[in-house]
Every structure is written in structure tokens, then in C-alpha cells.
Amino acid sequence: MARLAKTTHSEHPWVIRRLAPDFEVEDVWAFRTPGAGPDDFPVMLRAMRTHGGIPRQTGPVKFLFAVRWKLGALLGWDGPATGTGARVASLRDRLPDDLRDAYPGYDSDEMPLKAVYETDTEAVRELANKTVHTLMHLGWVRGANGDHELRMTVLVKPNGWFGRLYMAAIAPFRYLVVYPALTRQWERAWLHRDGSPTERDGMSR
């Protein structure tokens, strides 16, 4: 995984840019998917569903999420009144008819971020609570080496000063624990997409 400049997201004509111009780009990351082609985005999404998810994460990541949900429950950060359809409108309310009527993407109880829309090259999920309204944008683009690669952009709309303080407080945990673990999980998911490791599974990280 490589962290990219925020402008790499804004330079691409993603659908999300037209739908969410009021959200700030927080992070942009590229994940290695060796040998991937332009039509492999659905393959990557399936691999992430099979090999990804919080239950399959490392112990430190699961511990951080458990602490976060416990704090949220104690302090009332994640109640129904703080989420989409209550404190904020869902991004789905902004979708054009063709996207609103299409399959939004896979959802399950273990996924805190819920599907908004999915196309051949983009997938968007969202989460809202008392601290922030956040979007996770997954995009499929051709990388510098000619292979296509997965890019993840985190877009946020903090809830006032409290939300900005919260985002600043969790930044070290995201960069030092969550993102490195996510990298290993998602890049391994691509390598094991057919159910077995590839010959490149031993590439250095």
C-alpha cells in the first residue's frame, strides 16, 4: 500500500466527486493488485468480502474497534439519532435515478459502513455517528506499472469542533495500526482471490 496525494482523487472524474463536494478528502491509498486488469474490480470486491472484514482482522485492530464501540455505547456516539436518516441524510438521497435503482453493493451486520452505490469502477460505503459523517470510496484505476490497482479514499464531514478533535485523536491509531493491517488483509485477499495462494504470495511487504 502507498499513501497518495489527496489531489490524485480530485484529478479523476469519479462519480463521488459530483455527489459529495461538501466532504473533505482525508486520505488516499493505493493497494497492490499484481496482474489486475480493467474488468477485475468485481473480482477484487468479492475477494475482500471473502477474506476481509473486522472479524478476520488482527488482534490489535479488533481490540481498537471493540474499544471504540464500547466508548460509543457509553457516550452515546452511535445511537439511532446520530446516524444517517437522523442527524444527517444518507448519501443515497443524492443519487441519480440510475444509481438509486441499481444494486448498491453487498451489506452485512459485520460491516459498520453501509453500501451506497457500486459501479464497474467505484464502490462507496458510508457511516455517520455523533463525531463524523464518513465515506469510504473504493476506486479501480490503472497504476503506473500498467496493472490496475485498488484505491481507497476516505472522505469526511466532521461534526463541528468535536468531530475534528476526534479525527485528530484517532489519526495515530489509523496510520500505525489499522491501515497497515488493512493493507496486508486486502492485498492478501487479491492474491488468494481464487481460493489458493498465488506464486507471488511471497512478495515482500
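How many cavities of 30 Å³ or more are there? The count comes to one. This is a predicted model, where local features need pLDDT of at least 70, side-chain atom pairs count only at pLDDT 80 or more, and totals for chains, interfaces and linings use all residues. Residues are numbered from 1 along each chain as its sequence is written, and side-chain values use heavy atoms, with hydrogens and water left out.

A cavity here is a set of points, on a 1 Å grid over the protein atoms alone, where a 1.4 Å probe fits but cannot get out; lining residues have an atom within 4 Å of a point. Points are joined across faces, edges and corners, and the volume is the space filled by probe spheres set on them.

The largest cavity has a volume of about 50 Å³. Its lining includes His9, His12, Trp14, His137 and Arg151. Helix 1 (7-10), strand 5 and strand 6 (148-158) each give two or more residues to that lining. Helices (H or I, at least four residues) and strands (E, at least two) are DSSP runs, numbered from the N terminus. Strand 5 gives the largest share, three residues. By type, the lining divides into three nonpolar, six polar and one charged. Ala, Val, Leu, Ile, Met, Phe, Trp, Tyr, Cys and Pro count as nonpolar, Asp, Glu, Lys and Arg as charged, and the others, Gly among them, as polar.

Now the rings. The structure holds nine aromatic pairs. Rings of Phe, Tyr and Trp (its six-membered ring) pair if their centres lie within 6.5 Å; planes under 30 degrees apart are stacked, over 60 edge-to-face, the rest tilted.

Take Trp29 and Tyr175: tilted, 6.2 Å centre to centre, 50° between the planes. Trp29 is in strand 2 (residues 24-31) and Tyr175 in helix 6 (residues 160-191), 146 residues apart. Tyr175 is partly exposed, at 28%. Buried means under 20%, exposed over 50%, partly exposed in between (1.4 Å probe, protein chains only).

Next, Phe41 and Trp140. Their centres are 5.9 Å apart and their planes at 35°, so this pair is tilted. Phe41 counts as buried at 0%, and Trp140 counts as buried at 3%.

Last, charges over rings: NZ of Lys or CZ of Arg within 6 Å of the ring centre and within 35 degrees of the ring normal. Arg174 lies over the face of Tyr175, 5.1 Å from the ring centre. Arg193 sits over Trp190, at 3.8 Å.

Key: 1 Å grid on protein atoms, 1.4 Å probe; cavity = no way out; pocket = protein on both sides within 12 Å on 5 of 7 lines; lining within 4 Å.
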